[in-house]
Amino acid sequence: MKHSTIHDCHLMDIRKYSDNRGYLSVVEGQTDIPFDIKRIYYLYMVPEVARGAHAHKQLQQLLIATSGSVDVIVDDGTNKQTFHLDRPWKGLYIPAGLWRDLENFSGGTVLLCLASEPYNPDDYIRDYNEFVNNIH
Ligand code: TYD
């Protein structure tokens, strides 16, 4: 597993272009974010539950609440930080090697995830103790 700290995680303003037709935002791999986008997926119609609760060994991601809002709690095994995503131009970059919990989805939230790798269940660590043991 790659080792990162919560300080490697950051909120970014996604490029936006606006005129009298409204707004357009764009994320280009390797230009706006430090990885090629190999996969996108999105969470929607999420009831009052928490999701996430895992770490990735190699996967990097950019999370965007294109609609609604959600709290992303990032944890490096020592420190935690909560990022509130509530604007379609706010992106949260999460490098590999951090635990994340997704909580407090507001009604109608669409959480878009841009990912650096194709889906690989072996890249997931779903047990928190295993995650912490991997770090130390
Ligand atoms: P899961 O990893 O449990 O969601 P969360 O991000 O909230 O932890 O994924 C839910 C289901 O979707 C699970 O059966 C695996 C499947 N899935 C894919 O097939 N491909 C993907 O790219 C992703 C993200 C999930």
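Reader: Which residues form one aromatic cluster with Trp99?

Author: Trp99, Tyr128 and Phe131 form the cluster. This is a predicted model, in which local features need pLDDT of at least 70, side-chain atom pairs count only at pLDDT 80 or more, and totals for chains, interfaces and linings use all residues. Residues are numbered from 1 along each chain as its sequence is written, and side-chain values use heavy atoms, with hydrogens and water left out.

Reader: Why is the pair of Tyr42 and Tyr44 called tilted?

Author: Rings of Phe, Tyr and Trp (its six-membered ring) pair if their centres lie within 6.5 Å; planes under 30 degrees apart count as stacked, over 60 as edge-to-face and the rest as tilted. The structure holds six such aromatic pairs. In the pair of Tyr42 and Tyr44 the centres are 5.6 Å apart and the planes stand at 35 degrees, so the pair is tilted.

Reader: What makes Tyr42 partly exposed?

Author: Buried means under 20% relative accessible area, exposed over 50%, and partly exposed in between (1.4 Å probe, protein chains only). Tyr42 has 47%, so Tyr42 is partly exposed; Tyr44, at 49%, is also partly exposed.

Reader: Why is the pair of Trp99 and Phe131 called tilted?

Author: The ring centres of Trp99 and Phe131 are 5.7 Å apart and the planes are at 40 degrees, so this pair is tilted.

Reader: Are Trp99 and Phe131 buried or exposed?

Author: Trp99 has a relative accessible area of 6% and is therefore buried. Phe131 has 0%, so Phe131 is buried.
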